[in-house]
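Reader: Hi, I have a structure open and would like to go through it slowly. Could you walk me through it while I ask questions?

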Amino acid sequence: MAVDSPSAPPVRKRAPGEHPLKILAPNTGVLIAKVIGLGLVLSAAIVLTPTLLAAENWFFLIALWAIALIIVAVYITGRVVPLKYLLPGTLLLIVLTIYPILLTIQTSTTNYGDGTRSTKEQAISRILGNAAVPVPDAPVYSTVVGTTGSAASGPYSLLLVDQASGEAFVGDEEGLEPLEDFVANDAGLITEAAGYTILTRNEQNDISGGGGALDGFTVPVGDDTVIKLQGFNAMEMRTPLVYDADADTITNVDTGVVYAPERTGTGDRSFFTASDGTRLATQSWGENIGMFNFERLFTDSRITGPFISIAVWTVVFALVVVVSSYFMGLLIAISLNDERLRFLRFFRSIIILPYAIPGFILLMVWASFWNRDFGLINNLLGLNIDWLNGSPTSARIAVLLTQLWMGFPYMFLICTGALQSVPSELKEAASIDGATGYAQFWRIIFPLVLVSTAPLLVASFAFNFNNFNAIQLLTGGGPFSPDNPTAGGTDILVSYTYRLAFGGAGEQIGFASAVSVLLFILTAVIATIQFRGTRKLEEIY
């Protein structure tokens, strides 16, 4: 009796015009993973929405939901198959590359930094609050700080209990309102309030002084009366200052002096200033200053001089490091490009050893090697040179030699690969024509190796042009002169920009962003010129 053998499932033929992938039934596991993934995307959008709403961050809220809906629309259907592959890379490109570039450009047109992190409205409120004096016989309030957002970023409100009457209020920079739904302890402090998270004393201290969110925080209760924190209590205080929104001026009603916004100092920030030049307060605010940061970069002699010298050294540094490490790597690659050499793999492994060690570790080790008192370099050579903290010349030599040692293994690898890709027939033909080994290398081998490695040289130049670790971890940008403690002898543009943005003299993030934009343009121009040069090489060879 014959037994029918199991047959393969019938294959459905594709209908005319039907996409080839549409006939494939989705795998159950893939379908479950898709549902879970899309659910996580929507869940993340839903969870983040209340925070963005509380902060009134409409741009990120719209962007968040736009991205979430696009992801769902693309992956929930069997159509638009190419988009399923293009979308992840496109979103990462926008979020990780394009958006940071646009944000940097936007920041470069502002004065954002130390002393200018608040808005103009917040600055005015603090100026008025800091000028307040106690009102005689004014009520004193037991006070806690509450927030409808996060403890770190706010927004903040004062939850007040009148110590005399026991009435409760909630106040912010908009005004004072009665508070109905709350719980207070025996000391009269509110411990719970509907819609508010109560900050601890430590959290309140963190945002109270030194330019924190509660520094100068006041609650207006009248034309010239505000409630202001006094330690962990609050009381009504009178300010002699009145702000006129229409005229954009602050008037001292006791003296009659009028203060108007005026750009002074470095010219990138405004202060309320009287007609005789007297500033009302040191408080400034963030604002759009247009192209002032770029004008300052090219017109301020205190910045132009160091910037030009640092820019020249940056180009020299990147060029010398790339050229020296390339030719050293090429020389070693040629020396080890003979299979008859014994222990060839061992030698190659030793050569690439520096490339396998994290760069920041190597830089710290080399920093100790260059030490004048116990460093390996001085001990071996019998010298007493302060390489890193002496003269700029010695520090630059130390930086270049260190980068040569760290960079040649990479060049050795790419040159070895390029040498092995050169056809042996070319060498044989050149030998038959009577070309010596020297002529073969310079006329045949080297041009072909250069063509194949030129794009990597361009990338290596761009990397070293912005090689922050090489400077920061080895010399910290120094040595510095007493005349200019901001620009160091080994600073390149990226380390100089970092010091401007986060240096001890005060953060100038807006100005540093302008330098970053210029650095980006300069790098792009140099890379474009180099890529055109490599294209010409490809046409010749």
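Reader: Which residues of helix 16 are buried?

Author: The buried residues of helix 16 are Leu 493, Val 494, Ser 495, Tyr 496, Thr 497, Arg 499, Leu 500 and Ala 501, where buried means under 20% relative accessible area, exposed means over 50%, and partly exposed is in between, with a 1.4 Å probe and protein chains only. Helix 16 covers residues 493-502, and with eight of its ten residues buried, the helix is mostly covered. Helices here are DSSP runs of H or I with at least four residues, strands are runs of E with at least two, and both are numbered from the N terminus.

Reader: Before I go on, what kind of model is this?

Author: It is a predicted model, in which local features need pLDDT of at least 70 and side-chain atom pairs count only at pLDDT 80 or more, while totals for chains, interfaces and linings use all residues. Residues are numbered from 1 along each chain as its sequence is written, and side-chain values use heavy atoms, with hydrogens and water left out.

Reader: OK, how many helices and strands does the chain have?

Author: The chain has 17 helices and 17 strands. Of its 541 residues, 38% are buried.

Reader: And what is its radius of gyration, next to that of a compact globule?

Author: The chain has a radius of gyration of 34 Å, whereas a compact globule of 541 residues would have one near 24 Å; the radius is taken over C-alpha atoms, and the globule rule is 2.2 Å times the number of residues to the power 0.38. Along the principal axes, the C-alpha atoms fill a box of roughly 110 × 100 × 45 Å. Ala 429 is found in helix 13, residues 424-432, and counts as partly exposed because its relative accessible area is 37%.

Reader: Switching topic, where is Thr 116, and is it buried or exposed?

Author: Thr 116 is in the loop between helix 3 (81-107) and helix 4 (120-130), and it counts as buried because its relative accessibility is 1%.

Reader: What does the side chain of Thr 116 reach?

Author: The side chain of Thr 116 reaches the backbone oxygen of Asn 111 at 2.7 Å and the backbone nitrogen of Gly 113 at 2.9 Å. A polar contact is a pair of N or O atoms within 3.5 Å; within protein, one must be able to donate a hydrogen and the other to accept it, and residues adjacent in sequence count only if both atoms are side-chain atoms. Not counting residues up to four places away in sequence, Thr 116 touches Asn 111, Arg 269, Ser 284, Trp 285 and Gly 286, where contact means heavy atoms within 4.5 Å.

Reader: I also saw Thr 304, so what is it in contact with?

Author: Leaving aside neighbours within four places in sequence, Thr 304 is in contact with Leu 297, Phe 298 and Thr 299, and a polar atom of its side chain lies 3.4 Å from the backbone oxygen of Leu 297. Thr 304 lies in helix 7, residues 301-335, and is buried, since its relative accessible area is 17%.

Reader: What about Ser 513, which residues does it touch?

Author: Ser 513 touches Thr 104, Thr 107 and Ser 108, again not counting residues up to four places away in sequence. Ser 513 is found in helix 17, residues 509-540, and is buried because its relative accessible area is 8%.

Reader: Last topic, the backbone: what is the phi of Asp 137?

Author: Asp 137 has a positive phi of about 60 degrees, although it is not a glycine. Most residues other than glycine have a negative phi, and most peptide bonds are trans. Asp 137 is placed in the loop between strand 1 (133-134) and strand 2 (140-150), and it counts as exposed because its relative accessibility is 82%. Asp 248 also has a positive phi, near 55 degrees, and its place is in the loop between strand 12 (241-244) and strand 13 (249-252).

Reader: And which kind of peptide bond, cis or trans, runs from Gly 478 to Pro 479?

Author: That bond is cis, with omega near 5 degrees, and Pro 479 lies in the loop between helix 15 (468-472) and strand 16 (480-481).
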